[in-house]
Amino acid sequence: MTTYAVTGATGHLGRLVVEELLSRGVPAADVVAIARTPEKAADLAERGVQVREGDYDRPETLPGALAGVQRLLLVSGSEPGARVPQHTAVIDAAKAAGVERIAYTSILNADDTTNPLAGEHQATEQVLRASGVPVTLLRNGWYTENYTERLAEYLERGEIVGAVAGGKVSAAPRADYAGAAASALLADDAAGSGAGSGTTDGSAPVVVHELGGPAFTFTELATTISDVTGTAVAYRDLSVADYAAELQQVGLDAGTAGFVAGLDASIAAGDLQTDRDDLDRLLGRPATPLADVVHAARG
């Protein structure tokens, strides 16, 4: 039997992937939930899932966490600036443990994006390619929750403010990305399952999935919120500099404001849009429409 492991298994995405594997019939005993704090996954352990301690910042915990694992989902870390050494520690431990395939949650359009978050994902992809272990790159677009979790704010203000110009976002809810990750882990022929299949040096295969839902502009986001909630919300577009200045006025420091405005500049450049149907194919259905996600958040 194949043993599947998911890092960050108590996080928003990792837990959803564990649940997806179980819902698709993978025996709980064949699922390893790796968590920095195993106690947070006690409910999974009660269902028979192997819950193991694995801390990106404590490499000594990783060999035991990955023992006997054939397929691993490496969920990217949440600490900007620390991700590359953290991810490298997991990749090294996975290779030493004999893991047969590593799937990694990267960023959409990683090859040529200007997104301020991309550098660590690009560096991790390089480490994965050099590892010699077969790799599946799950290049995730934005979570729709990035916006629906701010729904109350948008409704109170009556507007969404940004600096995306007419740029579109191919967003999807976390559950969709979790479903795609589970499909990639379960694929019998993972090396041939992606439109971006290739190899590092003629040996270890690399599969690339560019993942995103139906693309929308911020004006369309505002219109959808208005239609679903019955409360008028508009989008107000600013220049990147003006947006950064406005963010500082509401309390962000200059560095953080510049970073957030830079994310919007990346959207304006098209970095978070894809026309590929990789997400639909992995899900076996269309990605969840924006209106449905807003409905769920409102409900």
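Visitor: Before we get to the strands, when do two of them count as paired?
Guide: Two strands pair if DSSP finds at least two bridges between them. In this predicted model, β6 (residues 135-140) and β10 run parallel. The number of bridges joining them is 6.

Visitor: Which residue is the bridge partner of Thr136 in β10?
Guide: Thr136 has its partner in β10, a strand that covers residues 205-211. That partner is Val207.

Visitor: Is β10 enclosed or open, and how many of its residues are buried?
Guide: In a regular strand the side chains alternate between the two faces of the sheet. Here Pro205, Val207, His209 and Leu211 point one way, while Val206, Val208 and Glu210 point the other way, and all are buried. So β10 is largely enclosed by the rest of the structure, and its buried count is 7 of the 7 residues.

Visitor: Moving on to α11, what caps its N-terminal end?
Guide: Helix α11 takes in residues 254-268 and reaches 21 Å from its first C-alpha to its last, close to the 21 Å expected. At the N-terminal end, a side-chain oxygen lies 3.0 Å from the backbone nitrogen of Gly255. The residue supplying that oxygen is Asp253.

Visitor: And which residue with a positive phi follows α11?
Guide: The phi in question is near 90°. The residue that follows the helix with this value is Gly270.

Visitor: What covers the buried residues of α11?
Guide: Those buried residues are Ala257, Ala261, Gly262, Leu263, Asp264, Ser266 and Ile267. The cover includes the strands β7 and β8. It also includes the helices α6, α9 and α10.

Visitor: On to salt bridges: how far apart in sequence are the parts that Asp176 and Arg285 tie together?
Guide: Asp176 forms a salt bridge with Arg285, with the closest N and O atoms 2.8 Å apart. Asp176 lies in helix α8 and Arg285 in the loop between α12 and α13, so the parts tied together are 109 residues apart in sequence.

Visitor: Which residues outside its sequence neighbourhood does Asp280 contact?
Guide: Asp280 lies in helix α12, and at 31% relative accessibility Asp280 counts as partly exposed. Leaving aside neighbours within four places in sequence, the contacts of Asp280 are Arg285, Pro286 and Ala287.

Note on methods:
Residues numbered from 1 in each chain as written. Predicted model: local features only at pLDDT ≥ 70, side-chain atom pairs only at ≥ 80, totals over all residues. Heavy atoms only, no water. Helix = DSSP H or I, 4+ residues; strand = E, 2+ residues; numbered from the N terminus. Buried < 20%, exposed > 50% of the residue type's maximum accessible area, 1.4 Å probe, protein only. Contact = heavy atoms within 4.5 Å. Expected span 1.5 Å × (residues − 1). Polar contact = N/O pair within 3.5 Å; in protein donor to acceptor, adjacent residues only side chain to side chain. Salt bridge = Lys/Arg side-chain N within 4 Å of Asp/Glu carboxyl O.
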